[in-house]
Amino acid sequence: MKFLIDEYCVQVSATIKDAMEAIDRNLTGGVFIVDENKRVIGVVTDGNIRRAILNGHSIYDGIKEIYTTNFKYVNKLVSKQKVKEIMLTFKIRQLPLLDDHGRLSKIFFG
């Protein structure tokens, strides 16, 4: 099965509902937020969405209001062992591999 990067991303202009639908399709518990140049600028998880709704946000509000910009990622120079260490240390279920331009190349799943 081919890895379809777009299934794990939503545009920064997306709504919370758009992110929820993407998470429902990809079954990973989160999506990466990308800008108009497809650079990863953040991440939103089902937990972020749940907390936002509990705090009064509507599913039609923009994702800009709730995504996290402080996220872990790796580049192509990082070893598989280091990827495992990062994922275990920070309890991460998905770790993006970004290219030199900040675009998603691959996702490591834990």
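K82 is partly exposed, at 40% relative accessibility. The class lies between buried (under 20% relative accessible area) and exposed (over 50%), with a 1.4 Å probe and protein chains only. This is a predicted model: local features need pLDDT of at least 70, side-chain atom pairs count only at pLDDT 80 or more, and totals for chains, interfaces and linings use all residues. Residues are numbered from 1 along each chain as its sequence is written, and side-chain values use heavy atoms, with hydrogens and water left out.

**Helix 3**
- K82 pairs with E85 in a salt bridge, 3.9 Å from N to O. The term means a side-chain nitrogen of Lys or Arg within 4 Å of a carboxyl oxygen of Asp or Glu.
- Both residues, E85 and K82, sit in helix 3 (residues 80-90), three residues apart, about one turn of the helix. Helices are DSSP runs (H or I, at least four residues), numbered from the N terminus.
- E85 is partly exposed, because its relative accessible area is 36%.

**Helix 1**
- E21 and K17 form a salt bridge, with the closest N and O atoms 2.9 Å apart.
- Helix 1 (residues 16-26) holds both E21 and K17, four residues apart, about one turn of the helix.
- E21 has 35% relative accessibility, so E21 counts as partly exposed.
- K17 is also partly exposed, at 30%.

**D35 and R39**
- A salt bridge joins D35 to R39, the closest N and O atoms being 2.8 Å apart.
- D35 is buried, with a relative accessible area of 8%.
- R39 is partly exposed, at 34% relative accessibility.

**Total**
- The structure holds six salt bridges.

Methods. Helix = DSSP H or I, 4+ residues; strand = E, 2+ residues; numbered from the N terminus.
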